[in-house]
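Visitor: I would like a close look at one helix and its surroundings. Please take me through that part slowly, and then through some other parts of the chain.

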Amino acid sequence: MESACVLVPRRSTCLCRQRGELSPHQCASAPAQATASPAACYQELRRFPAVTHAALGSTAGGQTFLLYTECSRHDVPRHRLLRFSRHYSLQRTAGGLAVSRAALSAEFHNQLLSQDSPSGQHRAVLSRCPWQGHELLEVWGSSGRSHSVDLTALGKHGKVYAEGPFACLAWSHSEAQLLYVAEKSRPKPRPPGPWDVPGAARLVEEDEDEVVAVLPPAGQELPLCWVPVEDAPTVPGVTWKTLTVQPPCNGQSPTAHSTQAFEALLLSPPESMAPHPLVVCPHGGPHAVFDARWRPSMAALCQLGFAVLLVNYRGSLGFGQASITSLLSRVGEQDVADTQLAVEQALHSEPLDPHRLALLAGSHGAFIALHLLAREPKRYQACALRSPVSNLPALLGTSDIPDWRYVSLGLPYSFERVPRAEEVATMLLRSPIAQVAQVQTPVLLCVGGRDRRVSPTQALELYRVLRAKGVPARLLWYPEGGHALTGVETEADVFGNCARWFLQHVGQPWRDRMGRHST
């Protein structure tokens, strides 16, 4: 009988059943087009920068535009995130726009967010002081810095959201105030200061009837003309398209949200290597979105021979309020059904191999993936999850957003309430852990030891149940990792392990793996 062992690849702790790592060339049934190792593909594609922010301003006369962009890329050899700015001048011509560099690229440090004012005369910058860890809000103009506020010392709120869907730094139309989103705190009562910090005490103080922007009616939008500002080569062997998925009409609930279409992005290797194995990725949140930004890890999977399906199920951002509202009280049902519907449509219309499917997801996306494994126990050949949500009732006392556990199921919430027995039962019935007995697919779990959003005990419980039932399972523990498992070294390690997991399991024809040990 084999005993469990502990491995330490870089910064992760690995619990597994066998010793050693599986390299791609050791997997005889891996995709034929995969000629490079996961680490080599990842490091190569991480050299390409991703645009994280852009601002466009015009000069007098409206014939010249100034484009400011901020980019980031992982500097894997130096184990750091490289962040830098680019400046362009766009000149209106008879044939369109002529683009030229307005300034050399420059690296910036400790900056979290920035935004130019509507007139272009001021720039707001949110930064973090490296030696104190304080967040500073500054305003710069042509004569230098005009305002500087230590938001941390002020104590009006917690940390400002600098990443994810809540990250925001915006000017008011009058350029007298700033808007940002921060964590709530309960500061001690204090007398009001001599002046209000923009965005700290209240979000918007302008007249309620002021209109910031009005979208044109559908069909009357201005046409867009895309002009490249960088002569950057495309990544060879990777193509992408948007799939529109139409849910079937539900006769029991013929409402708008029950038939609203949603989208999925499909990234594919060269068609000459078809049919491709498919990696299915429902996003977390659940109110988030997969947009068409540059994702090196997904491109690396394509270069390893996998197609990747990024599913924006109903409830994703960017598709209207009705789409978001439609998911409330239907988590674990509508989102799961939408993801599977997107998979079936992709298999029907694209050159994909229906016998080589995998799931890759995190947080709420992992919640969806686990439901799919239970509902379709022989559909998927491998699954890799980050910070999975598996047991909703257990999150009530361990998550930093306990209110979501109620709202997502359509239950009322208040800070002082204690859940009733029937509410706990409802949460448990919607939890993947309640159906884990049906899971047969090998599962890789990646967990951060400092995750406050989804307690790592969720993955530990799931891991022990899977192991007890003989399902191949492996758990990677990142002691310093948070919910998103960010960081140059951590992200590279997570990707490498997930890619090797897929190469090991997806390349093999399906057979009953109950009791089969994983590496």
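Predicted model: local features only at pLDDT ≥ 70, side-chain atom pairs only at ≥ 80, totals over all residues.

Guide: Helix α7 is mostly covered, with 11 of its 12 residues buried. The buried ones are His 364, Gly 365, Ala 366, Phe 367, Ile 368, Ala 369, Leu 370, His 371, Leu 372, Leu 373 and Ala 374. The helix covers residues 364–375 and spans 17 Å from its first C-alpha to its last, which is close to the 16 Å expected at 1.5 Å a residue. An α-helix has 3.6 residues a turn, so residues three or four places apart point the same way.

Val 506 lies in the segment after α11 (488–505). Val 506 counts as buried because its relative accessible area is 1%, and the cut-off is under 20%. Leaving aside residues up to four places away in sequence, Val 506 touches Pro 277, Phe 306, Arg 356, Leu 357, Ala 358, Gln 381 and Ala 382. Ala 382 is 124 residues from Val 506 along the chain, yet their C-alpha atoms are separated by 6.0 Å.

The loop between β18 and α8 (402–407) holds Ser 387. Ser 387 has a positive phi of about 45° although it is not a glycine. Most residues other than glycine have a negative phi, and most peptide bonds are trans. Ser 387 is also buried, with a relative accessible area of 2%. Another positive phi, of about 60°, belongs to Glu 175, again not a glycine. Glu 175 is found in the loop between β11 (169–171) and β12 (178–180). A cis peptide bond joins Gly 285 and Pro 286, with omega about 5°. Pro 286 sits in the loop between β15 and α4.

Strand β4 (residues 64–75) pairs with strand β5 (residues 80–93) in the antiparallel sense over 12 bridges. Within this pair, Arg 73 stands opposite Leu 82 in β5. The hairpin of β4 and β5 has four residues between the strands, and there His 79 takes a positive phi near 55°. Strand β5 is also joined to β6 (residues 96–107), by nine bridges, and the two run antiparallel. Here Gln 91 has Ala 98 in β6 as its bridge partner. The hairpin from β5 to β6 passes through two residues.

At least two lining residues come from each of β3 (50–58), β4, β5, β6, β14 (262–268) and α4 (296–303). The largest share, five residues, is supplied by β3.

Five bridges join β7 to β8 (residues 123–128), and Leu 126 in β8 is the bridge partner of Leu 113.

Key
Residues numbered from 1 in each chain as written. Heavy atoms only, no water. Pairing = 2+ DSSP bridges. Expected span 1.5 Å × (residues − 1). Buried < 20%, exposed > 50% of the residue type's maximum accessible area, 1.4 Å probe, protein only. Contact = heavy atoms within 4.5 Å.
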